[in-house]
Amino acid sequence: MRFDISYFLLGCIFTGSWVSAKHPKVTKKVGIIGAGIGGASTAYFLNELFQQQDVKVDITMFEAEDRVGGRVFSPTFTRPGLPGIPLNMGASLFVSCNYNMMNLTKRFSLPIQEDHGEYFSDSVTNLWNGKGFIWKESPFTRYGPENFVKLQGIIERMLVKFLKIYDSNRIWTSVDGLFKSLQLDNLLKVSGYEYFVSQGLNKTFVREYLDFSTRANYARGITEIHALAACIAAIPTTGVCDTHSVTSGNSALVKELATRSKAKVLLNHRVKAIFNLHGKYVVLSANGRIDTFDSLVVATPFQSAKLFFLPRIRYPSVEYSQVQVTHVTGQLNPSYFNVTEASLPSNIYTTINEGKKTPFNSLYKIANYQPKKGIYMYHLHSTGKLDQSTISRIFSEKRETNVKVVWNAYPRMSTRDVQQKFPVELSSGLYYLNTMEPFISTMETETISAKNIARLIARRIRGSHPAKQ
Ligand SMILES: Cc1cc2nc3c(=O)[nH]c(=O)nc-3n(C[C@H](O)[C@H](O)[C@H](O)COP(=O)(O)OP(=O)(O)OC[C@H]3O[C@@H](n4cnc5c(N)ncnc54)[C@H](O)[C@@H]3O)c2cc1C
């Protein structure tokens with residue numbers, strides 16, 4: 001695209017923040033790049049903080065796609081003779097100890113349900129290592145109840161520390177500093193495997209049972225991921241907190257946040273470049289639009305945003321895992337799993353076998369389709385791309401449709417990745433929301449990061465207008 005400097009400078013002059021002679025309020029302009037749950041909740045919390053203030057915040061949210069939500073995406077699937085069903089193609093579950101998610105859904109009167117998808121009273125879960133199913137009866141028989149009791153204690157102790165993040169006056173300027181102050185930094189130095197074994201859990205239990213939870217949640221094995229992320233992934237398996245999803249699909253929450261924030265939401269607006277000009281942030285969109293802001297929030301991973309900064313910004317490089325989520329309508333093929341139809345489980349989690357990877361991390365029955373014919377919808381989560389011929393082998397000839405999304409899903413969360421500095425403020429008034437992700441990547445932690453940034457912006461604005469507090 002041709003870049004005309006005269007338009008650019010005119011834009012800077014006319015779109016800069018201003019104080020109206022008619023209105024006594026000072027107006028501060030805040031730009032947010034990305035309308036995922038992080039960007040939308042930053043706008044929501046910021047609007048909430050400034051509702052009864054003399055300072056007005058004027059928020060603009062830029063979104064490259066034609067929808068809000070980002071990695072929270074819940075399209076509705078149609079079914080013959082049954083009502084359409086919203087299915088989460090990205091983030092699917094949150095837990096009852098995710099206080100922001102619980103409070104926001106309650107505040108917006110969004111009904112929540114257990115788990116996600118439809119409930120099946122006859123569902124059976126088993127663990128597959130690519131050769132065969134591991135649990136002959138139940139996981140309790142294989143690993144013994146003492147491992148489950150110990151695991152529960154470990155998770156509860158971690159949560160006591162983590163939940164201090166919700167202290168109302170807690171504000172942080174670096175995420176590495178935050179986890180140090182929560183006394184959770186020791187969990188960032190060791191792998192999930194090393195940590196759980198050091199806490200007295202049986203090695204087979206960790207290698208199989210806790211490996212399936214990191215695979216299903218973060219597409220990484222228990223030896224490859226730091227212990228903090230491994231503990232977060234284990235929460236749903238312990239019963240310490242219940243699992244939930246928004247009944248109408250998780251993206252309904254993001255839509256509510258965006259609408260209630262009163263922000264101007266610009267869909268199909270990809271931001272290309274950000275210039276710091278005398279302390280203001282000039283944002284150039286791919287369509288040539290130019291805006292100027294007093295504060296700016298980057299609410300999307302740098303790796304996918306492809307933003308040009310002047311002056312240049314240096315930030316730790318964080319690699320994201322590629323994950324494919326596929327919804328298949330059909331019947332599982334018992335011969336693929338080398339079992340009879342009667343002994344085929346409806347939900348299959350996986351663990352590694354002699355270094356050999358399975359083609360998917362998890363596969364479970366998510367909704368009815370034509371139940372009388374034995375046809376259901378299945379949710380598959382795989383590392384990298386899952387090819388069509390493998391899908392055809394996993395399912396019998398009754399396979400009808402499949403819908404897939406390939407995501408740059410979450411950081412790899414290795415111990416090495418988090419031994420760096422992760423500041424939240426990149427330069428005065430410029431904030432990076434996705435700092436939290438290499439530590440924990442969830443919807444909840446993005447809303448936590450959003451609230452912190454909203455508070456940092458409020459502190460900055462009030463600092464520059466102390467008389468207006
Ligand atoms: C398959 C999968 C399963 C998951 N499961 C769970 C789960 O069960 N529970 C859970 O809590 N979390 C889960 N997560 C993680 C969770 O989805 C993310 O942590 C969270 O949604 C990230 O939100 P975000 O707003 O920070 O980023 P994103 O959702 O990535 O939003 C960023 C937005 O910015 C936009 N954007 C990018 N570049 C530009 C640009 N240059 N200009 C303008 N806009 C731009 C993007 O289009 C996007 O909409 C899952 C993620 C995936 C992919």
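Helix α5 (residues 145-162) and helix α9 (residues 227-238) have axes that come within 10 Å and cross at roughly 125 degrees (axes are lines fitted to C-alpha atoms over the stretch in contact, with angles from 0 to 180 degrees between N-to-C directions). Because of this angle, α5 is oblique to α9 (under 35 degrees counts as roughly parallel, over 145 as roughly antiparallel, 65 to 115 as roughly perpendicular and the rest as oblique). The model is predicted: local features need pLDDT of at least 70 and side-chain atom pairs pLDDT 80 or more, while totals for chains, interfaces and linings use all residues. Residues are numbered from 1 along each chain as its sequence is written.

**Helix contact**
- Leu151, Gln152, Ile155 and Met158 of α5 meet Cys231, Ala234, Ile235 and Thr238 of α9 (C-beta atoms, placed from the backbone, within 7 Å).
- The residues of this contact comprise six nonpolar, two polar and no charged (Ala, Val, Leu, Ile, Met, Phe, Trp, Tyr, Cys and Pro count as nonpolar, Asp, Glu, Lys and Arg as charged, and the others, Gly among them, as polar).

**Hairpin**
- β11 (residues 280-285) pairs with β12 (residues 290-293) in the antiparallel sense over four bridges (pairing takes at least two DSSP bridges; strands are DSSP runs of E, at least two residues, and helices of H or I, at least four, numbered from the N terminus).
- Four residues separate β11 and β12 in the hairpin, and Gly288 in the turn has a positive phi of about 95 degrees.
- Opposite Leu284 stands Ile290 in β12.

**Ligand surroundings**
- Gly34, Gly36, Gly38, Gly70 and Ala91 come nearest among the 38 residues around the ligand (C-beta atom, placed from the backbone, within 6 Å).
- The shell around the ligand divides into 20 nonpolar, 12 polar and six charged residues.

Methods
Two residues are in contact if their C-beta atoms, placed from the backbone, lie within 7 Å.
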